[in-house]
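The structure comes first, and the notes follow by topic.

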Amino acid sequence: MKRRDLLRLGATVSAGAAAGLLQGPLPGASRRATPVPGMTPASKASEGIRARNIIFFAYDGTGYEDLATASFFARSLGRSPLHFENLLGMGRSGLMRPESLTSVVTDSAAATTAWATGQRVVNGALSMHIDERELVPILHLAKDRGMATGLVTSTRITHATPAGWIARVPSRGMEDEIAAQYLDFEPDILMGGGAGRFQAEMRSDGRDLLGEFRQAGYEVLRTPAELAASTGDRVLGLFSEGTRHLPFEVDRVNRGVESPSLADLTFSALQRLEGAGRGFVLQVEAGRIDHANHHNDPAGMVGDWMAAEEALEVVLRHVARNPDTLLIAVPDHDTGGGVTYGIGRRYTHSTPALASLHRRQASLEWLLRDGLPRNPDPTTVAAGVEEYLGLPLASRRAEQISAVLAGERPEEWDWGHPNAQGSRNNRVGHLLSISDETPPVQRANINFATGAHTGGFVPLVLHGAGATQGNLGVIDNTELFRIMTDALGFRYENPAMDPRAAREAETSD
Ligand code: ZN
Ligand code: MG
Ligand code: ZN
């Protein structure tokens with residue numbers, strides 16, 4: 001992306017806002033936390049501009065600290081401030097409380113259900129209560145009203161976040177069923193990874209869903225070239241094999257893993273949806289920031305943040321041309337709790353240490369899966385980490401990583417944080433992030449609190465139709481459902497479940 005283009009985009013968007021194109025408060029947006037007695041909300045809800053289209057831009061597994069780290073990284077690329085930062089000051093913004101029905105820490109399934117249905121469910125469930133009562137996601141409500149619908153993601157298309165907008169299953173792991181429910185629902189756009197769940201030879205029921213989608217009038221696209229050449233209104237784009245997600249951006253760019261970028265997919269989806277007679281609801285998910293954070297891989301994280309920025313820019317151009325579009329951009333929860341910390345006297349090493357992220361030419365996932373042989377010895381580990389991550393590694397760390405890759409989990413090691421033993425990638429990522437023998441400015445000064453999701457509030461921005469400037473305060477993730485239905489001009493109430501009953505059902509599993 002050229003800097004000139006970025007500047008032009010900023011000018012366009014700001015001019016649109018300044019010209020008053022986006023006036024009128026969003027009805028329902030004042031449904032926030034109970035105000036302090038005696039204080040009145042800054043702006044009262046009233047009739048606002050209806051949205052014709054909604055673009056829900058989901059960031060999976062990231063929060064404020066990542067936003068800061070991504071912003072520092074973008075600055076070193078001459079791409080600062082981030083569009084997300086600009087949005088925080090342009091429309092409505094606030095904080096979102098990302099809980100599930102029975103846990104202060106949500107998983108992605110319960111998180112996407114809260115957005116899509118306005119109800120909290122137990123972790124792992126998709127738009128369905130634990131007693132198997134089905135909820136109606138907003139994409140169904142939109143389709144009933146003649147609107148077009150679409151899902152775009154950098155994960156498998158059957159992964160939790162996109163799935164919750166359409167599928168109703170008790171467990172996010174039921175991805176064969178999710179793919180089948182996609183076909184029953186027939187959204188206009190499905191673009192992401194993970195072709196396996198649509199192929200007869202990989203499905204438990206032997207159904208050839210690719211063939212069935214074709215019969216239903218879909219173009220099935222498998223490569224960037226096919227994506228570029230296709231002109232159909234209904235597409236199923238699956239750009240990775242088996243159960244793989246799309247590549248991390250750092251690997252797509254540096255390791256030559258063939259895939260469309262998230263921006264490519266977003267552009268292509270919006271091009272097809274733009275002409276929809278009654279508007280559309282599109283979810284775009286930057287889905288792998290979460291994975292990088294589970295691995296404690298800061299290069300994977302900032303790379304996918306940059307990919308999200310490029311996709312967000314595509315969206316902002318669309319909103320500038322179509323001011324009747326409401327954009328909601330928000331993470332579903334934070335993951336990892338990674339922070340950029342100060343090092344050196346007066347923290348003078350901090351800035352060059354962060355810049356050392358540029359030395360990383362691969363994700364941790366790629367290094368462990370494709371860049372190293374099986375069960376590498378310590379010397380091979382050290383060579384691979386140096387070559388692909390630009391990290392000189394002390395011999396003791398190389399030995400530990402070699403042992404982890406051989407399947408050992410020595411008890412006596414100080415893992416440093418509560419969930420570092422979660423996955424192999426996370427254990428290695430943790431060992432790399434605490435490589436205290438490495439000269440400080442050669443190692444990114446980013447440390448992670450955990451390999452799991454966290455409960456922190458996440459930044460939320462609304463922009464476009466109805467999103468006049470103002471502070472949303474702290475709102476529940478479920479409020480976004482009501483904000484969307486209000487913007488589209490209807491109300492719908494899905495059934496709630498009592499959290500105590502859900503907890504009982506959960507513990508008697
Ligand atoms: Zn998530
Ligand atoms: Mg996700
Ligand atoms: Zn996650």
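Buried means under 20% relative accessible area, exposed over 50%, and partly exposed in between, with a 1.4 Å probe and protein chains only. By that definition, 59% of the 509 residues of the protein count as buried. This is a predicted model, in which local features need pLDDT of at least 70 and side-chain atom pairs count only at pLDDT 80 or more, while totals for chains, interfaces and linings use all residues. Residues are numbered from 1 along each chain as its sequence is written, chains are lettered from A and ligands numbered from 1 in the order in which they are written, and side-chain values use heavy atoms, with hydrogens and water left out.

**Overall make-up**

- The protein has 20 helices and 14 strands; helices (H or I, at least four residues) and strands (E, at least two) are DSSP runs, numbered from the N terminus.
- Among contacts in the protein with a separation of 6 or more, 74% are between residues 24 or more positions apart; a contact means heavy atoms within 4.5 Å.

**Metal site**

- D60 (OD), T161 (OG1) and E285 (OE) coordinate the magnesium ion (ligand 2) at 2.0 to 2.1 Å.
- Donors are N, O and S atoms within 2.8 Å of the metal (3.2 Å for Na, K and Ca), and sites may look incomplete because water is not among the atoms.
- Along the chain, the donors of the magnesium ion (ligand 2) follow the spacing D-x100-T-x123-E.
- Distant parts of the chain are linked by the pair T161, in helix α6 (residues 160–163), and E285, in strand β7 (residues 280–286), which are 124 residues apart.
- T161 has 1% relative accessibility and so counts as buried; E285, at 0%, also counts as buried.
- D60 bridges the magnesium ion (ligand 2) and the zinc ion (ligand 1), and the two ions lie 4.7 Å apart.

**Helix pair α4 and α19**

- Two packed helices are described by the angle between their axes and the distance between the axes.
- For helix α4 (residues 108–117) and helix α19 (residues 479–488), the packing angle is about 30° and the axes are 5 Å apart.
- Axes are lines fitted to C-alpha atoms, for helices over the stretch in contact, and angles run from 0 to 180 degrees between N-to-C directions.
- In the contact, A114, W115, A116 and T117 of α4 meet L480, F481 and M484 of α19.
- By class, the contact of α4 with α19 has six nonpolar, one polar and no charged residues. Ala, Val, Leu, Ile, Met, Phe, Trp, Tyr, Cys and Pro count as nonpolar, Asp, Glu, Lys and Arg as charged, and the others, Gly among them, as polar.

**Surroundings of E365**

- E365 is in helix α15 (residues 364–371) and is buried, with a relative accessible area of 14%.
- Not counting residues up to four places away in sequence, E365 touches F248, R288, H295, D370 and N425.

**Backbone features in loops**

- S80 and P81 are joined by a cis peptide bond, with omega about -5°; P81 is in the loop between α2 (64–76) and α3 (83–88).
- E132 is not a glycine, yet has a positive phi of about 70°. E132 is in the loop between α4 and α5 (138–144) and, at 52% relative accessibility, counts as exposed.
- N375, also not a glycine, has a positive phi of about 45° and lies in the loop between α15 and α16 (378–389).
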